[in-house]
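Hi everyone, thanks for coming. Let me put the structure up, and then I'll walk you through a few parts of it.

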Amino acid sequence: MADVPFSPSVGSLTAAGLAPLNLATGITFNPDTSAINAGFKIANKSLTAYQLSHTFTIPELQLNCLTPIGYVPGNVTVVAFAVRSADLDSGGSALRQSIYLGASELVTGVLAGAGGTATFHVCTPTATTGPTLVYLKTTTAATTTAAGATNVTPYYYSS
Amino acid sequence: MTASTTAAPTNSIFYGAKLSNKALTAFTMSHTYTTAELNEINDAVEFGYVPAGVTVVGVLWKSDDVDTHGTPTLTQKITLGSSDVVTGDTTGRAGTGAFHIITPVTTTAPTLVKVTATAAAATAAAGSAYLTFLYHS
């Protein structure tokens, strides 16, 4: 079997893990359907990684906002995330974010955006059954929110 | 009391795959701890096997909080065959994750992976742990 590039389309958004999350507060932004934000599934068991990127606007960093960053393909097991971010909290270092894979909060307390740094997070290994969105959620708002780019790189292998 | 040793599952799902090429691969082994597997020094759990003819370069370790004491003491080591590839791990104290870059170890036969408490939990709690080995052929 050849490696499978995943090109998300609007029609695929009803697949498992892509349904909008039901949050009591905050805003869920629409996913980026650009293929550049979708990882590849490798035909064998090789560990692979794919850098997803997003440029945050100020409204997307409000408390409890959930911002889709990109997709992990179906039938893979995600084991870790690397996050590299611009400084999204120009007035301090209060900003904290969580990483969601579909509806599962796999990483909490991400502080890469609080100081413009890079962090690496080992997560509970999680298998996908279909193309699944990766979100960043603001769990502690920034002291002074600033726009900027964030890269999230899931590490995964074929299940 | 005597330290316990929990044998590796014999189900083949706990054996990692060896790739035909040199690509880095990973395999996740998991175990649900009981309190009896954490409350004594030298309590050991065999997680599974890494295949023969591979070189292991890293370990991802993710654990629930399995030492709920206010001042937790649980310390664990990860052993591949006879080599302690990770020592002093405290991930189980708070339910976090850790990425350990290890001195590369090349296997010549299917090799057992074992996690041992080098300091027992102050208050052991049941919970899950996941061990992902990163290796290449």
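**Around B:Phe133 and beyond**

Let's start with B:Phe133: leaving aside its neighbours within four places in sequence, this residue is in contact with B:Gly16, B:Ala26, B:Phe27, B:Val50, B:Val56 and B:Val59. Contact here puts the two C-beta atoms, placed from the backbone, within 7 Å.

A word on the source: this is a predicted model, where local features need pLDDT of at least 70, side-chain atom pairs count only at pLDDT 80 or more, and totals for chains, interfaces and linings use all residues. Residues are numbered from 1 along each chain as its sequence is written, with chains lettered from A and ligands numbered from 1 in the order in which they are written.

B:Phe133 also belongs to the largest nonpolar core, of 61 residues, and is among those with the most contacts inside it, together with A:Ile99, A:Val134 and B:Leu131. Such a core is a set of buried Ala, Val, Leu, Ile, Met, Phe, Trp, Tyr and Cys residues joined through C-beta atoms within 7 Å. Buried means 20 or more other C-beta atoms within 10 Å of a residue's own.

Now to chain A. Strand β10 (residues 132-140) has 7 of its 9 residues buried, so the rest of the structure largely encloses it. Strands are DSSP runs of E, at least two residues, numbered from the N terminus. Two of them pair if DSSP finds at least two bridges between them. β10(A) pairs antiparallel with β5 (residues 66-72) of chain A over 6 bridges, and A:Tyr71 has A:Leu133 as its bridge partner. β7 (residues 96-101) of chain A also runs antiparallel to β10(A), joined by 6 bridges; there, A:Leu101 partners A:Val134.

Conventions:
Buried ≥ 20, exposed ≤ 12 C-beta atoms within 10 Å, placed from the backbone. Helix = DSSP H or I, 4+ residues; strand = E, 2+ residues; numbered from the N terminus.
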